[in-house]
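Subject: Structure for you to look at

Hello,

Here is the structure for your files. My notes follow it, with cut-offs given where a term comes up.

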Amino acid sequence: MKKLLIGMVLLCSLLYSDGFDDYLKNFDYNAIKEMKIRTVEMLNMVEDGTAQVIDIRFPEEYEAWHIGFAKNIPINELPDRLNELDKNKLIITACPHNDRANIARMFLMFKGYRVRYLSDGLLSTTDYLKGSNAQEFIEEYKKDNAK
């Protein structure tokens with residue numbers, strides 16, 4: 001997986017060398033904060049309808065288990081499926097931990113999307129969404145989406 005991440009960074013730097021140079025030159029603590037989102041903030045934004053969660057795992061992973069409000073667009077299909085993203089919402093890329101989600105975030109950022117990656121990953125989200133947390137989230141999510 002490290003090789004994939006390094007390869008994607010190198011590819012991005014070759015394809016978008018000026019943009020990537022500028023991105024790195026302006027990278028600061030605020031940029032670190034703005035590239036990430038944690039589960040609770042993500043869930044609040046999904047409830048409010050201000051974010052779209054993209055699960056970038058491969059189809060077999062998604063089929064084995066997934067979160068109902070996330071749209072599955074595998075990372076290797078992302079370049080051909082940009083039309084499925086809502087440019088009016090913050091795009092949140094997600095995978096079990098965060099490695100592939102961050103690669104997808106960089107790709108989408110250079111394509112002009114407002115995007116963050118789920119820093120604590122889908123595994124933490126599933127751990128959080130148990131019992132009353134799941135009940136409360138689904139009730140709010142359904143209520144807000146019924147409007």
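A salt bridge here is a side-chain nitrogen of Lys or Arg within 4 Å of a carboxyl oxygen of Asp or Glu. The model is predicted, so local features need pLDDT of at least 70 and side-chain atom pairs count only at pLDDT 80 or more, while totals for chains, interfaces and linings use all residues. Residues are numbered from 1 along each chain as its sequence is written, and side-chain values use heavy atoms, with hydrogens and water left out.

Salt bridges

The whole structure has nine salt bridges. One of them joins the side chains of E84 and K71, at 3.1 Å from N to O. This pair links distant parts of the chain, 13 residues apart: K71 is in strand β3 (71-72), and E84 is in the loop between β3 and β4. Helices (H or I, at least four residues) and strands (E, at least two) are DSSP runs, numbered from the N terminus. For accessibility, buried means under 20% relative accessible area, exposed over 50%, and partly exposed in between (1.4 Å probe, protein chains only). E84 is partly exposed because its relative accessibility is 27%, and K71 falls in that class at 31%.

E77 forms a salt bridge with R81, with the closest N and O atoms 2.7 Å apart. At 30% relative accessibility, E77 is partly exposed. Another salt bridge, 2.9 Å from N to O, joins the side chains of D127 and K130. D127 counts as partly exposed at 48%, as does K130 at 49%. Through shared partners, salt bridges join K71, E77, R81 and E84 into one network.

Nonpolar cores

A nonpolar core is a set of buried Ala, Val, Leu, Ile, Met, Phe, Trp, Tyr and Cys residues joined through side-chain atoms within 4.5 Å. The largest one has 22 residues, and L85, I91 and L108 touch the most other members. Two or more residues come from each of α2 (17-25), α6 (99-110) and β5 (115-118). Helix α6 gives the largest share, seven residues.

Contact means heavy atoms within 4.5 Å. With neighbours within four places in sequence set aside, L85 is in contact with Q52, I54, I73, I91, L108 and Y113. A second, separate core has 17 residues, among them V46, L90, A94 and L122.

Helix α7

Which residues of helix α7 (residues 121-128) are buried? They are G121, L122 and T125. Seen down the axis of α7, these residues fall within an arc of 145°, so they line one face of the helix; the arc is that of the directions from the helix axis to the C-beta atoms. Their cover includes α4 (39-48), β2 (51-55), β4 (90-94) and β5.

L123 also lies in helix α7, but is partly exposed at 38% relative accessibility. Not counting residues up to four places away in sequence, L123 touches W65, P96 and H97. The C-alpha atoms of L123 and P96 are 5.2 Å apart, although the two residues are 27 apart in sequence.

Surface

F27, Y29 and I32 make a nonpolar surface patch of about 340 Å². Patches are made of residues with over 30% relative accessible area and no salt bridge; like charges are joined within 9 Å and nonpolar side chains (Val, Leu, Ile, Met, Phe, Trp, Tyr) within 5 Å. Accessible areas come from the Shrake-Rupley method with a 1.4 Å probe, and for residues only the protein chains shown count as cover. Y29 is in helix α3 (residues 29-35) and, at 74% relative accessibility, counts as exposed.

Regards
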